[in-house]
Amino acid sequence: MRLRNIQGAAESIGKSGYVLQNPEGHKGHWNQVFDSGHPIHIEVGMGKGRFLMDMAKAHPDIDYIGIEMYDSVLLRAVQKAEALEDSPENFRFIRMDARELSSVFEKGEVEQIYLNFSDPWPKDRHAKRRLTSRQFLKRYTEIILPGRKVEFKTDNKNLFEFSLQELKESGWVLEGCTFDLHKDEVMNKGNIMTEYEEKFSSCGNAIYKFIAYYQYTHER
C-alpha cells in the first residue's frame, strides 16, 4: 500500500487528546479510560474515522476504539474529530499494528469488532495480512467476549469469498451474510455507512457484509 506521508503527522497524533498513548498500559482496564462501564467495541483499520464517530453518536451507551496503523491516515481522523462541533465522549483512537491486539486488550475485554473495507492485499503471498485471514481471526478470539461478533463490509468480492472460507476453516459461525447489503432489508437495517461505502455504492458497486461469531469448544 502506498500512502502519502504527511510531515508532522506523528507529532500531531502524539498531542491529540483523541489518541490514546501507551495503550498497552490500559490492558484489562479499558472501562476506566471512559469511566462508564459501557461495552467496548473496536474498529480495526478505521481509516479516516467517519464510521467510528458516527457509531459513537448513534450509540452513546457503547464506547468505541478505532485502531489505525498509519500516522497520515490517523491524522485525518484526528482532524475530523477536532472539527466536530458536538463531539461525543465515547470514542478514542489508537495508532498501532493490529497484529498486537492481544498486548492491548485482555481476553473478553472487547464485545464487538468491525472491519470495514479492509485492504484486500490481492497477492496470494500477502494473504495472512488480510484482516479476515485465519491469522487475524485467531487474534480476535484472543480479545473478544465469547459469543460476540465480528462485522465485515467490503466491495471486493474476491476478498469476501476468501473471508467466508477462512471463517469456515477457523471455527467461526455465520450469523448473517449478504452479497448486496443495500438491497437486503434485514442486514441493512440500522446500517451506518463508511466513506468508502458511500463512494462505492454510489457508483453501483454491491456491498458485501457478514456477521460472525466464534464457536468456542468445551475445551475453552
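A charge is taken to sit over a ring if NZ of Lys or CZ of Arg is within 6 Å of the ring centre and within 35 degrees of the ring normal. Arg139 meets this criterion over the face of Phe136, at 4.5 Å from the ring centre. Arg130 is likewise placed over the face of Phe162, at 4.5 Å from the ring centre.

The model is predicted: local features need pLDDT of at least 70, side-chain atom pairs count only at pLDDT 80 or more, and totals for chains, interfaces and linings use all residues. Residues are numbered from 1 along each chain as its sequence is written, and side-chain values use heavy atoms, with hydrogens and water left out.

Contacts between rings come next. The structure holds 15 aromatic pairs, where rings of Phe, Tyr and Trp (its six-membered ring) pair if their centres lie within 6.5 Å, with planes under 30 degrees apart counted as stacked, over 60 as edge-to-face and the rest as tilted. Phe51 and Tyr114 form an edge-to-face pair, 5.4 Å centre to centre with 65° between the planes. This pair links distant parts of the chain, 63 residues apart: Phe51 belongs to helix 3 (residues 50–58) and Tyr114 to strand 4 (residues 110–116). Helices (H or I, at least four residues) and strands (E, at least two) are DSSP runs, numbered from the N terminus. Buried means under 20% relative accessible area, exposed over 50%, and partly exposed in between (1.4 Å probe, protein chains only). Phe51 counts as buried because its relative accessibility is 6%, and Tyr114 is buried at 5%. Elsewhere, ring pairs join Phe152, Phe160, Phe179, Tyr208 and Phe210 into a cluster.

Charged side chains provide further links. A salt bridge is a side-chain nitrogen of Lys or Arg within 4 Å of a carboxyl oxygen of Asp or Glu, and the count comes to 12 salt bridges. In one of them, Arg148 and Glu111 meet at 3.5 Å, N to O. Arg148 lies in strand 5 and Glu111 in strand 4, so this pair ties together parts that are 37 residues apart in sequence. Arg148 is partly exposed at 33% relative accessibility, as is Glu111 at 23%.

Glu166 forms a salt bridge with Arg134, the closest N and O atoms being 2.7 Å apart. Since Glu166 lies in helix 6 (residues 157–169) and Arg134 in helix 5 (residues 134–141), the pair ties together parts that are 32 residues apart in sequence. Glu166 is buried, with a relative accessible area of 6%, whereas Arg134 is partly exposed at 38%.
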